[in-house]
Amino acid sequence: MPLAVKAGLGSGQSFWRTKAGAGLPAATLTDGPHGVRAQADPADHAGFAESVPATCFPPAAAMAQTWDSALVERVAAAIGDEAGALGVDVVLGPGVNIKRDPRCGRNFEYFSEDPLLSGVLGSAWVRGVQSRGVGASVKHFAANNTETDRMRSDSRVEPRALREIYLRSFERVVTEAQPWTVMCSYNKINGVYASENRWLLSDVLRGEWGFAGAVISDWGAVGDRVAAVRAGLDLSMPGGDPTQDDDVVAAVESGALDPADLDDSARRVLELLARAADAQPGATVDLDAHHILARVAASRAVTLLKNDLGVLPLRRDARLAVIGTLAVCPRYQGGGSSRVNAARLDIPLDEIRARSTGEVVFTPGYDDDSPLDDALVAAAVADVAVVFLGLPDGEDAEGADRTHIDLPADQLDVLRAVTAVQPRTVAVLFHGGVVRLEEVDRLAAAVVDGALLGQGVGAAIADVLFGVVNPSGRLAETVPLRLADAPSFLNFPGEHCRVLYGEGVFVGYRGYDARAVEVTYPFGHGLSYTTFCYDEAQVHLDGDTVVVEVMVTNTGARDGREVVQLYAAKHGSVISRAPRELRGFAVVDIPAGGTRCAVIRVARREFAYWDDRVDDWVVEGGAYTLSVGASSRDIRVTTVVRLDGDLPVLEVTAMSTIAEALAHPDVGPRLMTMLQQYAPAGVEDGPAGTDALRMIASIPLGRLRLFGVSPDLLADLLRP
Ligand code: BGC
C-alpha cells in the first residue's frame with residue numbers, strides 16, 4: 001500500500017465516516033451513548049444537523065441507578081439494533097469516566113463516582129451493542145473529568161489514583177468486553193495529551209490490557225498526527241485537515257516516524273473496516289418495543305430518596321395538585337453530542353392523569369406567567385401535592401462545567417410555599433449532575449429522583465408515584481450536604497489548564513467516608529415500598545474468588561428488588577485507604593414475604609491496590625472486613641475474610657530504613673542481631689527496647705555510620 005494511502009487511512013473521510021481502504025468500504029461512526037444520533041445530512045461537516053428520530057433511553061447517570069448490568073445490556077442491544085438499521089458501524093459510547101466532582105458538565109453521560117460500578121455497567125453496554133453486530137467505542141480515555149478547557153486541560157494524577165480510580169473502569173471494559181474501539185480524550189494526562197500518550201495508548205492499553213482494536217481520537221483531539229501515530233492512535237476524527245496526513249508521510253520519509261508504527265495503525269484501521277464489513281446487523285427495528293423498553297429502563301432508574309408519612313405510593317383516587325412546568329416539559333437528557341432526537345416522549349402530567357381516578361389540578365408554579373397563589377390553592381385543598389423540580393436545560397451539557405449544584409431559587413421558593421400549606425408533598429427531581437437536596441429533603445415528605453430518564457420519563461415517574469412499579473433505583477453518586485464538602489472541591493476545575501487530583505483515591509463516597517463528612521444521601525441509597533431484612537453473611541473462598549452469600553428477606557407486603565452492596569476495608573493497612581470500597585453487588589428480586597440468597601463473587605485481584613514502588617497491583621495479606629448493606633452508610637451485616645498477600649519484597653539499600661530492613665526476610669534477622677550487639681545490656685527486652693526501636697525505626701541504614709557502625713558491618717548487612 002502506498003505510503004500516502006496508509007497515512008490517509010488514519011484520518012476520517014468526513015465528520016462521521018472513515019475512508020474506504022484495501023477494497024473494504026468506509027465505516028460510519030455515530031454518537032451515542034443513550035440512543036443513536038445519526039445525522040440525516042451526510043454533508044453536514046460540523047455535525048450540527050438534526051439527527052433522525054431514535055429511541056432516547058435514559059442517559060448513563062440514570063441507567064447507573066438501576067445497578068443492573070442485564071438491563072443495561074438489553075438497552076444497549078436495542079441501541080445496537082437501531083444503529084445497525086441506520087447503517088451505523090460503531091456507536092460512540094459508553095462513557096466510563098469517573099464522576100470526580102459534582103460540577104462536571106458531562107456527569108450525566110457517565111455512570112458513577114465508583115470505578116467498579118462504572119466498569120461493570122460499561123462492559124454490559126459494550127456487550128449489548130456488540131451482540132448486534134455493531135461496534136462500541138469506550139470513551140473518553142482517560143482522566144477526562146472536567147469540561148472546562150477540555151482541549152488543553154492537564155489532569156495531574158498520582159499513579160495510585162490513576163490506576164485504582166480513573167483507569168480501572170476502562171481496564172474492566174477493555175478486558176471483559178473487548179470493545180471494537182477506544183476513544184482517547186482531549187485532555188493531557190500528567191503533561192502529555194491522551195492522543196500523543198504512548199504510555200497510555202500502547203504500554204497500558206495494548207501492552208498490559210491486551211486491547212486489540214483501534215484507538216480513535218475524540219473529535220478534534222489530535223494536534224500532532226505524527227506524535228499520535230507514534231503513541232498508538234489509529235484514527236484521527238473527524239480528520240478534516242489533509243495536511244496532517246502529509247505530515248505523517250514526511251515524518252516516515254525523514255525517518256522521524258518509525259514506519260512500523262504507521263503500518264500497525266493502518267492495519268488496525270483496516271481490521272476495523274473488515275469487522276464492520278463482516279458484521280450483519282439487523283435491518284429493521286421495532287420502535288414500539290423499544291419505547292416499552294425505554295419505559296422499563298426509566299422506571300427501574302427512578303430512585304426513591306425519602307418517603308415519610310406513607311405519602312407514596314399515591315392512591316389512585318387521591319386528589320392531586322401537580323405543580324411545576326417540568327411536569328409538562330420534562331428534562332430527560334443532557335446537551336451536546338449525545339443529544340438524541342427522541343422518537344417519542346411520555347409527558348409526566350399526561351401519564352399521571354392516565355393512572356389517576358381522582359382530580360388532578362396542574363399549575364406551572366414557577367413559570368413567570370403563573371401566579372404562585374394558584375399553585376398554593378390547589379396544593380392546600382389536595383390530598384397530595386407533587387412538585388416537579390430540576391436543573392434548567394443547559395446546566396447538564398458538554399463543553400462547560402457548573403459553578404454550583406443548586407436547584408433554581410424560584411423552584412425552591414415554590415417548594416417552600418407549597419410545603420407550608422401541604423405537608424403531604426412529593427418532590428420529583430430531574431437533573432443530570434448531582435444537585436444539592438438538603439432543603440428539599442427537609443421540606444418534602446417524599447423525594448423521587450428522576451435523574452434524566454429518556455423518552456419514557458413520564459410513564460416511569462407516574463408508575464412509581466402510583467406504585468405500579470416498586471422503586472428499586474439506588475444512587476450511583478453521593479449527594480453532599482454542600483458542594484464544599486466534595487473531596488475535589490478545592491481542585492476543580494483547576495487553574496491555568498492544570499487540574500491537580502489532590503484528593504488522590506478519595507473520590508466520591510471514599511472521600512466523604514474517610515473524612516466522616518455528613519451527606520444528604522449516601523452512595524448506594526434508595527428506598528422501596530417494601531422493606532428488606534439481611535441475615536448473617538457467609539463467606540468462603542472458591543479458588544481465587546471470595547464468595548459472599550447473604551439471605552435477604554422481603555419483610556413487606558409488596559414484591560421488591562434489593563441491590564445488595566458489598567464493601568471491603570482493610571484495617572491497619574500499609575497504605576491509606578477509604579473505610580469502605582465497593583467490591584461487588586447483586587440485584588435480587590424478592591417476592592413479598594420471600595427470602596432469596598444474594599451471591600456476590602469477588603476475584604482476589606479486586607482487593608489489590610496499585611503499589612507505585614513496584615508499578616504493579618499488590619494484594620495486602622491479612623484480614624479484610626466485608627460489609628454488606630443497602631448503601632455505603634447502611635451496612636446491615638459484616639464478616640471477615642483472610643487473604644494471602646503478595647506484598648513485594650523490596651531490595652534493601654543504604655536508604656532503606658531500619659524498619660524496612662527489619663521487615664525483610666533475609667536482612668531483618670541479621671540486622672536484629674547487630675542491633676542487639678549495640679544495645680546496652682537489658683535494653684533490648686521490655687519497654688525501653690520498644691521505645692528505642694521506635695525511635696530509630698526511620699533512620700536510613702547508611703546513616704548508621706554516623707552513629708559509629710563500621711562500613712564493613714554495613715556492607716555485610718546489605719550483601720544480597
Ligand atoms: C465528544 C464525544 C463525541 C464526539 C462526536 C466530541 O466532542 O467529546 O463524546 O463522541 O464529539 O460527536
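Modeller: In this predicted model, a search of the whole structure finds 6 cavities of 30 Å³ or more. The largest cavity has a volume of about 160 Å³. It is lined by 15 residues, and those closest to its centre are Glu164, Arg168, Arg510, Arg583 and Glu606.

Several elements give two or more residues to this lining: helix 4 (115-130), helix 5 (159-166), helix 6 (168-177) and strand 21 (581-590). Strand 21 gives the most, with 3 residues. By class, the lining holds 9 charged and 6 nonpolar residues, and no polar ones.

The place of the cavity follows from the domains. The assignment for the protein gives domain 1 (3-278), domain 2 (287-492 + 499-521), domain 3 (532-643) and domain 4 (658-717). Because domain 1 and domain 3 both give residues to the lining, the largest cavity lies between them. As for domain 3 and domain 4, their C-alpha centres lie 42 Å apart.

Gln178 is found in the loop between helix 6 and strand 5 (181-184). Although Gln178 is not a glycine, its phi is positive, at about 45°. Most residues other than glycine have a negative phi, and most peptide bonds are trans. Two cis bonds may be noted here as well. The peptide bond between Met237 and Pro238 is cis, with omega about -5°, and Pro238 lies in the loop between helix 8 (225-231) and helix 9 (243-254). The bond from Asp31 to Gly32 is also cis, with omega near 10°, and Gly32 is found in the loop between strand 1 (29-31) and helix 2 (60-63).

The ligand is surrounded by 14 residues, of which Asp31, Arg106, His140, Asp218 and Glu398 are the closest. By class, this shell has 7 charged, 5 nonpolar and 2 polar residues. Glu398 places a polar side-chain atom 2.8 Å from an oxygen atom of the ligand. For Tyr186, a polar side-chain atom lies 2.9 Å from a ligand oxygen. The side chain of Lys139 has an N or O atom 2.9 Å from an oxygen atom of the ligand. Taken alone, the ligand exposes 310 Å², and the protein buries 95% of that.

Terms used: Residues are numbered from 1 along each chain as its sequence is written. This is a predicted model: local features need pLDDT of at least 70, side-chain atom pairs count only at pLDDT 80 or more; totals for chains, interfaces and linings use all residues. Side-chain values use heavy atoms; hydrogens and water are left out. A residue is near a molecule or strand if one of its heavy atoms lies within 4 Å of it. A polar contact is a pair of N or O atoms within 3.5 Å; within protein, one must be able to donate a hydrogen and the other to accept it, and residues adjacent in sequence count only if both atoms are side-chain atoms. Accessible areas come from the Shrake-Rupley method with a 1.4 Å probe; for residues, only the protein chains shown count as cover. Ala, Val, Leu, Ile, Met, Phe, Trp, Tyr, Cys and Pro count as nonpolar, Asp, Glu, Lys and Arg as charged, and the others, Gly among them, as polar. On a 1 Å grid over the protein atoms alone, a cavity is a set of points where a 1.4 Å probe fits but cannot get out, and a pocket is an open set with protein on both sides within 12 Å along at least five of seven lines; lining residues have an atom within 4 Å of a point. Grid points are joined across faces, edges and corners, and a volume is the space filled by probe spheres set on the points. Helices (H or I, at least four residues) and strands (E, at least two) are DSSP runs, numbered from the N terminus. Domain bounds come from an automatic or database domain assignment.
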